[in-house]
Amino acid sequence: MATPIAGSRPALALNGLMAADRGRRILGVCGMHPDHQEALKKNRVLLAKQLLLSELLEHLLEQDIITFEMREHIQAKVGSFNQNVELLNLLPKRGPRAFDAFCEALRETKQGHLEDLLLSTLSGLQQVLSPLSRDHDLNLSFPVCESYPPHKRLRLSVDTVEHSLDNRDGPPCLQVKPCTPEFYRTHHQLAYRLQSRPRGLALVLSNVHFTGEKDLDSRSGGDVDHRNLVTLFKLLGYTVHVLLDQTAQEMQEKLQNFAQLSAHRVTDSCIVALLSHGVEGGVYGVDGKVLQLQEVFRLFDNANCPSLQNKPKMFFIQACRGGAIGSLGHLLLFTAATASLAL
């Protein structure tokens with residue numbers, strides 16, 4: 001019989017703890033946001049009693065929130081209450097998109113009253129600071145900084161930098177620093193309210209590889225640009241959605257879907273960044289067809305996106321404009337105040 005090796009049990013125990021910790025970290029990155037989990041928990045009994053699943057499950061299946069096997073497992077439960085409980089047990093484990101997809105499915109299946117209930121609960125859970133009043137006394141001390149752990153300085157990998165267009169001056173190091181007390185005192189009355197957590201939703205849409213009759217070149221360094229933007233927007237407190245290599249039709253459809261996300265109701269701003277080849281007034285899809293920028297802005301106006309009414313909507317467009325301008329890129333910024341005609 002083999003003799004047990006001294007210290008083998010502690011080693012096994014340590015490996016078990018490391019595996020458990022790794023599992024917790026994976027769930028922290030890939031799981032549902034804690035506020036979303038809490039909103040589901042606080043309304044669990046009512047949802048279990050009132051949910052109508054037949055069509056709703058198909059929407060969740062279409063959005064890749066559940067699988068065919070999960071649908072069959074839910075439907076195998078006896079009675080609607082038990083089926084609803086099974087879905088509610090499953091949702092928090094289905095990733096960061098599950099809550100928004102569930103709310104959208106409620107809306108699409110004419111169960112909007114349940115969506116409103118969840119969003120109302122979520123709004124109450126948001127940890128926000130008291131709004132600044134217009135008659136703020138400038139003699140008061142500068143507001144205390146919120147207590148967040150310091151961000152690690154994020155650097156891009158060497159492999160990424162080799163394909164970038166940064167003139168070999170090294171990987172960018174992105175940092176976000178608070179404004180100075182002097183700047184705050186002189187500008188706070190002009191500022192929008194940006195206190196929600198997250199600050200808002202951001203969409204980064206980057207087209208790099210093109211097909212079609214236009215014979216457009218691949219955008220060398222485009223992958224670096226979109227990664228830098230994703231990092232920056234996350235540091236600024238935004239939840240970031242990324243789309244890569246979309247046709248003009250897909251761009252319009254995905255932008256419309258993004259504009260209709262229920263989370264806009266409980267956040268204070270929105271960012272859209274489009275990176276592609278372009279012409280004056282439009283950007284190319286990877287199929288060589290053009291999406292007009294005015295159509296993009298229309299999707300987010302007050303009529304089509306009431307959830308963002310009176311909130312800043314920022315559009316960053318990185319694209320050449322064609323013609324004599326050549327490869328000159330441009331950046332556009334529109335907000336609810338400065339672009340009221342467009343938005």
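His277 sits in the loop between strand S5 (269-275) and strand S6 (278-279). Helices (H or I, at least four residues) and strands (E, at least two) are DSSP runs, numbered from the N terminus. The model is predicted: local features need pLDDT of at least 70, side-chain atom pairs count only at pLDDT 80 or more, and totals for chains, interfaces and linings use all residues. Residues are numbered from 1 along each chain as its sequence is written, and side-chain values use heavy atoms, with hydrogens and water left out.

**The annotated residues**

- UniProt, in an unreviewed entry, places the feature "active site" at His277 and Cys320. The largest C-alpha distance is 5.6 Å, although they are spread over 44 residues of sequence. UniProt positions are given in the numbering used here, feature names are shortened, and annotations may be inferred rather than shown by experiment.
- His277 has a relative accessible area of 16%, so the residue is buried (under 20% relative accessible area; exposed is over 50%, partly exposed in between; 1.4 Å probe, protein chains only).
- Leaving aside neighbours within four places in sequence, His277 is in contact (heavy atoms within 4.5 Å) with residues including Phe210, Tyr284 and Cys320.
- The side chain of His277 also reaches the backbone oxygen of Asp217 at 2.6 Å.
- Cys320 belongs to strand S9 (residues 313-320). Its relative accessibility is 19%, so Cys320 counts as buried.

**The β-α-β unit**

- S3, H11 and S4 form a right-handed β-α-β unit. Right-handed means that, with the strands pointing away from the viewer, the path from the first strand over the helix to the second runs clockwise.
- Strands S3 (residues 200-206) and S4 (residues 238-244) run parallel and are joined by seven bridges; strands pair if DSSP finds at least two bridges between them. Ala202 has Val240 in S4 as its bridge partner.
- Helix H11 (residues 222-235) has 14 residues and should span 20 Å at 1.5 Å a residue, which agrees with its end C-alpha atoms being 20 Å apart. The expected span is 1.5 Å times one less than the number of residues.
- Among the buried residues of H11 are Val224, His226 and Phe233.

**Leu60 in helix H4**

- Leu60 lies in H4 (residues 53-62) and is buried, with a relative accessible area of 0%.
- Beyond its neighbours within four places in sequence, Leu60 is in contact with Ile65, Ile66, Leu87, Leu91, Ala101, Phe102 and Ala105.
- Leu60 and Glu104 are 44 residues apart along the chain, and their C-alpha atoms are separated by 9.2 Å.

How values were computed: A polar contact is a pair of N or O atoms within 3.5 Å; within protein, one must be able to donate a hydrogen and the other to accept it, and residues adjacent in sequence count only if both atoms are side-chain atoms.
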